[in-house]
Structure formats: C-alpha cells, structure tokens
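Look at the chain first, then follow the strands, pockets and side-chain contacts one at a time. Keep the 3D view open as you read.

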Amino acid sequence: MQIAQNTVVAFHYTLTNEAGEVLDSSEGREPLTYLHGAGNIIPGLEKQLEGRTAGDKLQANVSPEEGYGEIQPQLIQEVSRESFQGVDSIEPGMQFQAQTDGGPLMVTITDVQGDMVTVDGNHPLAGQPLNFDVEIAEVREASQEEIEHGHVHGEDGHQH
C-alpha cells in the first residue's frame with residue numbers, strides 16, 4: 001500500500017542538521033506513527049513520504065520553509081527578570097510557556113544580562129535545513145475514527 005491521504009504510516013528516522021549532528025532519532029524506540037495528510041508532521045517531510053511503501057528507505061532534505069519555518073525576529077524579545085516571578089535561577093536553554101495575545105507560546109531563554117532576559121519564541125529548529133534518513137515500517141488504511149479525530153489511535157497511536 002502506498003502512503004496517501006488518510007493512511008497511517010509508521011517510520012523510523014534519524015534527523016541531522018547541516019553539520020551532520022544527530023538532532024533526533026527513533027533508533028532503539030518504536031517507529032513514529034502518524035496520520036498522513038492531517039498535518040501531524042512537518043509539511044516537507046510529509047510531501048516526500050507521499051507514494052512510498054513499507055520497506056522504502058529515503059533521504060529527505062527539508063528546507064526551513066517546509067520545516068519549522070524561518071526565524072521570526074518579532075518572536076525574540078527582551079523582558080524583565082521580574083517576568084519570571086518564583087524562578088530563582090534563570091539560565092540560557094531554559095524553556096517556559098508564555099501567555100501572549102495569540103495564546104500560549106513556548107519560549108527559550110537565549111541570554112541573561114543583569115535584569116534583562118532574552119526570550120525566543122521560535123521553534124528551536126526554525127531557520128534550519130533538516131535532513132532525515134527514513135525507513136518506512138508500515139502503511140495501512142486509517143480507521144474512520146482516526147480520520148475524524150485527525151490522529152492515529154490504538155497500539156502505536158493516541159488513546160482517548
């Protein structure tokens with residue numbers, strides 16, 4: 001069966017950056033399982049998996065535009081240390097959920113200078129080309145319930 005709209009796909013992957021550093025991998029774990037066409041994985045990878053079948057291996061190179069987007073400078077801001085009430089130590093790399101006009105946003109601390117803290121609301125992989133080594137483990141028809149809910153259910157998926 002080929003990967004197409006409303007199929008459930010299970011695949012193993014290793015994600016590397018441009019320098020060849022491993023950023024994430026399913027090695028030693030269960031394959032990543034998703035509902036194809038439901039926006040559950042980044043668009044550039046989903047497009048390159050279309051039409052593939054179980055057993056296929058491929059290298060997928062995904063541009064920032066088709067991955068986690070370009071860096072949006074407006075999501076990088078300096079805020080007062082007072083914004084982090086109840087947090088004793090604030091260090092680069094820490095992540096917090098900020099409340100914004102558009103709803104909650106995960107931010108990463110990138111710098112601390114005196115009473116000012118620089119936060120970045122971009123995805124940590126924004127602006128980066130992504131390289132995936134992929135092996136398709138399984139492709140099956142999605143159930144009607146999975147299609148209605150927009151995600152995989154069952155043993156390898158989401159349980160309600």
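Y13 is found in strand β1. Strands (E, at least two residues) and helices (H or I, at least four) are DSSP runs, numbered from the N terminus. The model is predicted: local features need pLDDT of at least 70, side-chain atom pairs count only at pLDDT 80 or more, and totals for chains, interfaces and linings use all residues. Residues are numbered from 1 along each chain as its sequence is written, and side-chain values use heavy atoms, with hydrogens and water left out.

Is β1 mostly covered or mostly open? It is mostly covered, with eight of its ten residues buried. Buried means under 20% relative accessible area, exposed means over 50%, and partly exposed is in between (1.4 Å probe, protein chains only).

Which strands pair with β1? Two strands pair if DSSP finds at least two bridges between them. Strand β9 (residues 130-141) runs antiparallel to β1, joined by ten bridges. In that pairing, T16 stands opposite N131. Strand β3 (residues 32-35) is also antiparallel to β1, with four bridges. Here V8 stands opposite L35. Strand β2 (residues 22-25) is antiparallel to β1 too, with three bridges. L15 has D24 of β2 as its bridge partner. β1 and β2 form a hairpin with five residues between them. In that turn, G20 has a positive phi of about 85°.

Sequence distance and space can tell two stories. Y13 and L32 are 19 residues apart in sequence, yet their C-alpha atoms are 8.0 Å apart in space.

## Aromatic rings

Rings of Phe, Tyr and Trp (its six-membered ring) pair if their centres lie within 6.5 Å; planes under 30 degrees apart count as stacked, over 60 as edge-to-face and the rest as tilted. By this rule there are three aromatic pairs. One of them joins F11 and Y13. Their centres are 5.9 Å apart, with 55° between the planes, so the pair is tilted. F11 is buried, at 1% relative accessible area. Y13 is buried as well, at 10%. Ring pairs link F11, Y13 and Y34 into a cluster.

## Two pockets

A 1 Å grid is laid over the protein atoms alone. A pocket is an open set of points where a 1.4 Å probe fits, with protein on both sides within 12 Å along at least five of seven lines; lining residues have an atom within 4 Å of a point. Grid points are joined across faces, edges and corners, and a volume is the space filled by probe spheres set on the points.

The largest pocket holds about 340 Å³ of space. Its lining has 16 residues, and V79, A98, Q99, V107 and V119 lie nearest its centre. β6 gives the most to this lining, with five residues. The lining has nine nonpolar, seven polar and no charged residues. Ala, Val, Leu, Ile, Met, Phe, Trp, Tyr, Cys and Pro count as nonpolar, Asp, Glu, Lys and Arg as charged, and the others, Gly among them, as polar. β6 and β7 form a hairpin with two residues between them. Six bridges join these antiparallel strands. Q99 has P104 of β7 as its bridge partner.

The second largest pocket holds about 200 Å³. Its lining includes F11, Y13, L15, D24 and L32. β1 gives the most here, with three residues. Ten lining residues are nonpolar, one is polar and one is charged.

## Salt bridges

Side chains of opposite charge can pair when their charged atoms come close. A salt bridge is a side-chain nitrogen of Lys or Arg within 4 Å of a carboxyl oxygen of Asp or Glu. The count comes to three.

| Pair | N to O distance |
|---|---|
| D24 and R29 | 3.8 Å |
| E66 and K47 | 2.8 Å |
| E146 and R140 | 2.9 Å |

What does the E66 and K47 pair tie together? E66 lies in the loop between β4 (57-62) and β5, and K47 lies in helix α1 (residues 43-49), so the pair ties together parts that are 19 residues apart in sequence. E66 is partly exposed, at 28%, and K47 is exposed, at 54%.

How covered are the others? D24 is partly exposed, at 31%. R29 is partly exposed, at 47%. E146 is buried, at 3%, whereas R140 is partly exposed, at 28%.
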